[in-house]
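I am opening a notebook page for this structure. The entries below follow the order in which I looked things up.

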Amino acid sequence: MAKIKGAIVVDTEQCKGCGLCAEACPAKVIALSHEVNGKGYTYAFMQNPDACIGCTSCALVCPDTVITVYKIKL
Ligand code: SF4
Ligand code: SF4
């Protein structure tokens, strides 16, 4: 069976730093930045990109729908 790898893109300027995506990620991919965006919020980023399985949990829980998930077949 083909292995699926995932990747996410966060619209960092729209992210509010609520952290729900990081909590929802079963692979512990996401962390919040130490820097802030233009609105003064910390934002989500892929701290552990190799672990992403493209499950879309993060995108589903994001209240502002600022996460896009991509899946790559390996
Ligand atoms: S798609 Fe799944 S594994 Fe990848 S960052 Fe989002 S919740 Fe984590
Ligand atoms: S759930 Fe959405 S708004 Fe909240 S930290 Fe993650 S990307 Fe940002």
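I began with the salt bridge, for which I required a side-chain nitrogen of Lys or Arg within 4 Å of a carboxyl oxygen of Asp or Glu. I noted that this is a predicted model, in which local features need pLDDT of at least 70 and side-chain atom pairs count only at pLDDT 80 or more, while totals for chains, interfaces and linings use all residues. Residues are numbered from 1 along each chain as its sequence is written, chains are lettered from A and ligands numbered from 1 in the order in which they are written, and side-chain values use heavy atoms, without hydrogens and water.

**Salt bridge.** I found one salt bridge in the structure, and it joins the side chains of Asp64 and Lys16 at 3.2 Å, N to O. Asp64 sits in the loop between α2 (57–61) and β4 (67–73) and Lys16 in the loop between β1 (4–10) and α1, so the pair ties together parts that are 48 residues apart in sequence. Here helices (H or I, at least four residues) and strands (E, at least two) are DSSP runs, numbered from the N terminus. I looked up accessibility next, taking buried as under 20% relative accessible area, exposed as over 50% and partly exposed as in between (1.4 Å probe, protein chains only): Asp64 is partly exposed at 28%, and Lys16 is partly exposed at 42%.

**Ligand 1.** Around ligand 1 I counted 13 residues, and the closest are Cys25, Cys52, Cys55, Thr56 and Cys58.

**Positive phi.** Thr56, in the loop between β3 and α2, has a positive phi near 75° although it is a residue other than glycine, and at 25% relative accessibility it is partly exposed. Thr65, which I located in the loop between α2 and β4, also is not a glycine and has a positive phi of about 45°, but at 63% relative accessibility Thr65 is exposed.

Conventions: Near = heavy atom within 4 Å.
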